[in-house]
Amino acid sequence: MTDVTTSAPATPVARLQGAATGDRIFRIVLSLAALSIPILLGFLVWELIKGSRLAISTFGLDFLVTSTWDPVTGKFGALPLIFGTLLSSLIALIIAVPLSLGVAIFLTEFAPNAIRKPIAFVVELLAAIPSVVYGLWGIFFLVPVLTRTVFPFLRDTLGFLPFFRGTIYGPSMLSAGVILAIMVMPYIMSVAREVIATVPGSQREAALALGATRWEAAWTAVVPYAKSGIVGAIILGLGRALGETMAVTMLIGNRHEIATSLFAPGYTMAAAIANEFSEAATDMHFSALAYVALVLFSITVLANAGARLLIWRVSKGRPGGGAGL
Amino acid sequence: MSRPTVYFGLTIATLGAAIAPMAAAQSLTGAGATFPNPVYTKWFDAYNKKTGVQINYQSIGSGGGIKQYTENTVDFGASDAPMSADQLTAVQGDVVHLPTVMGAVVLTYNLAAIGTTQLKFDGPTVANIFLGKITKWNDKAIVASNPGVKLPNQDIIVVHRSDGSGTSFIFTDYLSKVSPEWKEKVGNAAAVQWPAGLGGKGNEGVTQQVKQSDGGLGYVELIYAKGNKLGYAQIKNAAGSFVDPSLESVSAAAASAKFAPNTDFRVSITNAPGAASYPISSFTWLLVRPNMKDATKAKALKTFLEWMITDEAQQMGAALDYAPLPKPVVALEAAKIKTLKANGKPIA
């Protein structure tokens, strides 16, 4: 530093010193910005714990395994909410994963160039639709259509399973699962497509050169190479499904109950908070909802941690495999 | 999506309250019940044109209104349910309930097999349907009240509110009065553990759900059933006659209610006596501090309250299907408004 100041002409030195000060300020600003995220997270967790303290001290961990939700007597248990959140997300993934992977593989491996961009654009456009719009569309279009066609068909053909029995109400666990599937599909599809597109051409060429059909090349060479990225895409979709609120509450029937039938109404954690928060008249009710929020937060954190672990295990020993995420 | 919206709403409400003192004193802030929001909006607008006093009202729900009133972030609250004993304790009894208008909760249904025929229900039957004990439209309890109507052997799809609401409070208040079993098992509150049925969000959610399900049955504010051209039932009242919900039958229910001369107006008029009374009726209230700190605001609020019970304002409500307050109630209320104070002194 001193060498530079003594030997160099005056003007650049002044600029250099100014630059150093600028660097320091820049560094401080960036550090603050980076720090604000963990601080914000800390506040969030602290607030949730503070809000739910009353419910935690009253119900303890029983809250997670009991099903009563009675604001009048002040007894609360979140099992149906946890069950509903996990089940609706599972239904969503069962429908959305094959569909979006299919679209992603088609777009990268098979589709003619002319339609790749338009289709990808349209699918990604789905991600930009606000969830309340999905909810409205669900109420006015999807649920009536499902109630008239798909649900009776399922009841008639798969009615021997307990999942497809009973009164068809319309709003139900299955309706919520279907709308969630439609909502998470664009996320899974676009990430999976990006990941698959980064698979080196040599992989495909090698498989094809060995006599594989295009289908075999896609399944044996391309997809396994992109596996960890695809898992990441699915987890991204799961994250969205777990926390989705508006569209779900409009279609799930909002009932605090665990039913075997998928035609029966259910409830999710996010939907219950949105529905009951504004009119939670007693402290206990409010606290129970904060507790639900804390549980939901923990489940999403666990899902993300699980995803990291899964990606790490899948990509182990395959340095190029971690490509997408 | 919705959680942020709720918080945002609260933030805005709180901000509004915080900003209010800085603005001209001629502005008041209130929050609460959604059910009377249309008439309140109309009133506040008309009153603003008349006097220049601006009243900002956030319709965040009765529970929210009571909460904000308790936390002292608004000049007045509004609720479809009177404050409970616990809630009164929380504000140390520092509240005056003032009825504004009245409304009816109706039983609305959609049953293709009977077309536009108006059905009749008695209280215990309604309670048993919502308890999940009556599940079919051709149950003999329903058939008994509806001679000559061919009711189909079809499931009743029961729809209730999923969010806490004053409407649910009024409805469960009624059911608790007509069914001991309901009172014991479920009780009376803005949110209860519903023994049967689907939850719809808001009056519009229930309306939509009933509209779409053949065999659907739910409860909504009269205005929603009328606005959506849904059928609604006659309900058997305490005197034993089946009554249509209307402005007249709701006012009749209020007129039959007994008020002590020094009443706090926290009176339930569900299952009211009188042959013409519609049994699922209720007042909706404004929550006002008996002794306000800011004299200018107190004056503005008092003038508004006095105007609110005039014929002019009450008829604006009637035009929107809110039943006007009966004369004796207006007289009692006028006397109560006179007792409001600012800093311990009568308001000039």
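A: Let us start with a term: two strands pair if DSSP finds at least two bridges between them. Please also keep in mind that this is a predicted model.

Q: OK, how many bridges join β6(B) and β8(B), and in which sense do they pair?
A: Strand β6 (residues 157-161) of chain B pairs with β8(B) in the parallel sense, over 3 bridges. Within this region, Val158(B) stands opposite Leu217(B) of β8(B).

Q: And what about β4(B) and β8(B), parallel or antiparallel?
A: Those two are antiparallel: strand β4 (residues 96-110) of chain B is joined to β8(B) by 6 bridges. For instance, Leu107(B) has Tyr219(B) in β8(B) as its bridge partner.

Q: Why is β8(B) described as largely enclosed?
A: Strand β8 covers residues 216-221 of chain B, and 6 of its 6 residues are buried, so the rest of the structure largely encloses it. A residue counts as buried here if 20 or more other C-beta atoms lie within 10 Å of its own.

Q: How much of chain B is buried, then?
A: Of the 348 residues in chain B, 53% are buried.

Q: Does the overall size of chain B agree or disagree with a compact globule?
A: It agrees, because a compact globule of 348 residues would have a radius of gyration near 20 Å, and chain B has 21 Å. The C-alpha trace of chain B spans about 65 × 45 × 40 Å along its principal axes.

Q: How many helices and strands does chain B have?
A: Chain B has 14 helices and 15 strands. Three of those strands form an open sheet with mixed pairing, in the order β13-β14-β15.

Q: Which strands are at the edges of that sheet?
A: The edge strands are β13 (291-292) and β15 (345-346) of chain B, each of which pairs on one side only. β13(B) runs parallel to β14 (residues 341-342) of chain B, with 2 bridges between them. Met292(B) has Ala342(B) as its bridge partner in β14(B).

Q: Changing topic: how many residues does each chain bring to the contact?
A: Chain B brings 29 residues and chain A brings 30. On the side of chain B that touches chain A, the largest share comes from α3(B), with 4 residues. That side divides into 10 nonpolar, 15 polar and 4 charged residues.

Q: Last one: how is chain A divided?
A: Chain A has domain 1 (2-47) and domain 2 (62-314). The C-alpha centres of these two domains of chain A are 43 Å apart.

Key:
Residues numbered from 1 in each chain as written. Chains lettered and ligands numbered in written order. Predicted model: local features only at pLDDT ≥ 70, side-chain atom pairs only at ≥ 80, totals over all residues. Domains from an automatic or database assignment. Contact = placed C-beta atoms within 7 Å. Nonpolar A, V, L, I, M, F, W, Y, C, P; charged D, E, K, R; others polar. Buried ≥ 20, exposed ≤ 12 C-beta atoms within 10 Å, placed from the backbone. Rg over C-alpha atoms; globule rule 2.2 N^0.38 Å.
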